[in-house]
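Please look through the structure below with an eye to its charged pairs, ring pairs and surface patches. The report that follows takes them in turn.

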Amino acid sequence: MKDIFIKGLISYNTSTCMFFKLFIIIVGGGMLVVSCSLFEYHPYETNVSDKNRNVNAKAIERILSSVPPSKDTLVIIHTGDSQRFYDEVEDFVKSANKQNADFVFLAGDISDFGLKDEFEWIHEIMRKLKIPYLGVIGNHDLSGNGETVFKKVYGPLNSSFIVNRFKFILLNTNSREYRFNGRVPDIHWLEEQLDDDDFDRAIVVSHISPFDGSFDRKLEQGYVTALENSGKVNLSLHAHQHKFNDTIPYHDNIRYLISTAMQERMYLLIKLYGDKYSYEKIYY
Amino acid sequence: MRLYCIILLFAFTYIKGFAQEKEPHIPRWYVPDFAAVQYAGSIGFFSIGAGYDLFKEKANVDLLFGYVPPAYAGDGAIRTMTLKFTGEVIRLQPNPTTLIHPLTIGTYFNYTFGHEYSSDLPAWYPNGYYWWSEAVRVNVFIGGNVRFITNRLQQGSKVTAYYEIGTNEIKLASYTQNVHALNIWSILHAGIGVRYHFAK
């Protein structure tokens, strides 16, 4: 036993020097190359880097400091479905930077597979916008651990903010991803948001429109009624269908605008002034 | 899961030693040729498993169980299983106790456990709503390794240190469609690991 141990020790020692040299060259070299952020624990890992966190909260802060309180017309850019269209998103940013807009809504399906990498790739491009942008949750963003990643990158799935007495409500309407459980979208929360009196007009932004098959049929009427009853909403903004649509489906004078996907190279430039609005399709 | 893997690994080691003492000349095909521990590589924070040599030790196959702690995952830890094939393409032998494979090529199939990662489209989705599976990832990689004979634990056993750089099918799909906006490095991920080859 002792013999084997000593023999082992000797053979180990003679090869030690050579081995460590080689080890350092091959493995050390390999590790050097890969050590810079290439280690991934899982495609659905959620360790978002600090610089890519709380995008919506930071955007709202910037909007509140950049939009003068006296400005009575707000100009917003509405787009969505950036999923797997990174080249197109770059062109979108170039085009949007030429507009005199206040901020941008990226209305869901920011990612295709719900990967942390995808959210970071999109944000790396979108951060080149001169104006702030806000992310809204889409059905693809809920794939894998997308919900956790979205919350880290953008914030809560339902949120709102007020600029110059315009209230913007960002709503999770991806009912199918919650197996139509009757709680998504959260109509009660929406009613509460529309009930406050610290704003004059409200715009609701969500990925899936209430007349889409992936919106919970049980909640369609609740959504429509909440908007009608508030008396402050005449615009509901959506994406998801990858096809432009402008419709007033419920005979209540509330217009539903659906933007195209990034792939179609078109976004909506919307002007809001009091209870009036106008929009323009911008191709890039 | 972790405990299970560790027990499995010790069992392999024990069986191997036992088999050798009693019947040194009858190799048992089912006894693994090596045990492996890996860090990262998109299959776990760390993974542990065992495998076999193939084609006169020019290739090998691993079965690895991976674990991602909750801090890096979603609502809970991620547990995965991986079947990996590695081909050792170039072989250098600088001295009798050392082998270097500067180029390895391989592929692995990674399965993520848990109902929250669906293998196929759940019933409440229309056909073709999503085309990929959340649970199954297919990876390709290149890498390298260095292997040396050590008598420290067992006379004539070997240790391999390896690294791998690769990508999976959904990241590759993202890249091929966006070669201007995405950099090839952005879709790559890496892993490093050690294999302990039981003495024959």
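In this predicted model, chain B runs α-β-β-β-β-β-β-β-β-α-α-β from its N terminus. That comes to three helices and nine strands. Chain B has 200 residues, of which 50% count as buried.

**Salt bridges**

Side chains of opposite charge can pair when their charged atoms come close. Over all chains, the count is 23 salt bridges. Three of them are listed here.

| Salt bridge | Closest N and O atoms |
|---|---|
| E45(A) with K116(A) | 2.9 Å |
| D117(A) with K171(B) | 3.1 Å |
| R217(A) with E220(A) | 2.9 Å |

Take E45(A) and K116(A). E45(A) sits in the loop between α1 and α2 of chain A, and K116(A) in helix α4 of chain A. E45(A) is buried, at a relative accessible area of 3%. K116(A) is buried too, at 7%.

R217(A) and E220(A) lie in helix α7 (residues 217-230) of chain A. They are three residues apart, so about one helical turn separates them. R217(A) is partly exposed, with 43% relative accessibility. E220(A), at 18%, counts as buried because the cut-off for buried is under 20%. Elsewhere, E40(A), D117(A) and K171(B) are joined into one network by salt bridges that share partners.

**Aromatic pairs**

The structure holds 37 aromatic pairs over all chains. In one of them, the ring centres of Y41(A) and Y39(B) are 5.6 Å apart. Their planes stand at 70°, so the pair is edge-to-face. Y41(A) lies in the loop between α1 (2-35) and α2 (55-66) of chain A, and Y39(B) in strand β1 (residues 34-40) of chain B, so this pair also joins two chains. Y39(B) is partly exposed, at 27%.

Y86(A) and W121(A) form another edge-to-face pair, 5.5 Å centre to centre with 80° between the planes. Y86(A) lies in helix α3 (residues 86-96) and W121(A) in helix α4 (residues 116-126), both of chain A. The pair therefore ties together parts that are 35 residues apart in sequence. Y86(A) is buried at 0% relative accessibility. W121(A) is buried at 8%.

Ring pairs also build a cluster from F113(A), W124(B), Y125(B), Y129(B), Y130(B), W131(B) and W132(B).

**Surface patches**

A nonpolar surface patch on chain B is made of L63(B), M81(B), L83(B), F85(B), F109(B), F113(B), V136(B) and V138(B). Together they have about 570 Å² of accessible area. Strands β4 (78-88) and β7 (136-150) each supply at least two of the residues. β4(B) gives the most, with three. F113(B) lies in the loop between β6 (98-112) and β7. At 30% relative accessibility, F113(B) counts as partly exposed.

Chain A carries a negative surface patch. D186(A), E191(A), E192(A), D195(A), D197(A) and D198(A) form this patch. E192(A) belongs to helix α6 (residues 187-195) of chain A. It is partly exposed, with a relative accessible area of 41%.

Terms used. Residues are numbered from 1 along each chain as its sequence is written. Chains are lettered from A and ligands numbered from 1 in the order in which they are written. Side-chain values use heavy atoms; hydrogens and water are left out. Patches are made of residues with over 30% relative accessible area and no salt bridge: like charges are joined within 9 Å, nonpolar side chains (Val, Leu, Ile, Met, Phe, Trp, Tyr) within 5 Å. Accessible areas come from the Shrake-Rupley method with a 1.4 Å probe; for residues, only the protein chains shown count as cover. A salt bridge is a side-chain nitrogen of Lys or Arg within 4 Å of a carboxyl oxygen of Asp or Glu. Lys and Arg count as positive and Asp and Glu as negative; His and the chain ends are not counted. The place of a charge is taken as NZ of Lys, CZ of Arg, CG of Asp or CD of Glu. Helices (H or I, at least four residues) and strands (E, at least two) are DSSP runs, numbered from the N terminus. Buried means under 20% relative accessible area, exposed over 50%, partly exposed in between (1.4 Å probe, protein chains only). Rings of Phe, Tyr and Trp (its six-membered ring) pair if their centres lie within 6.5 Å; planes under 30 degrees apart count as stacked, over 60 as edge-to-face and the rest as tilted.
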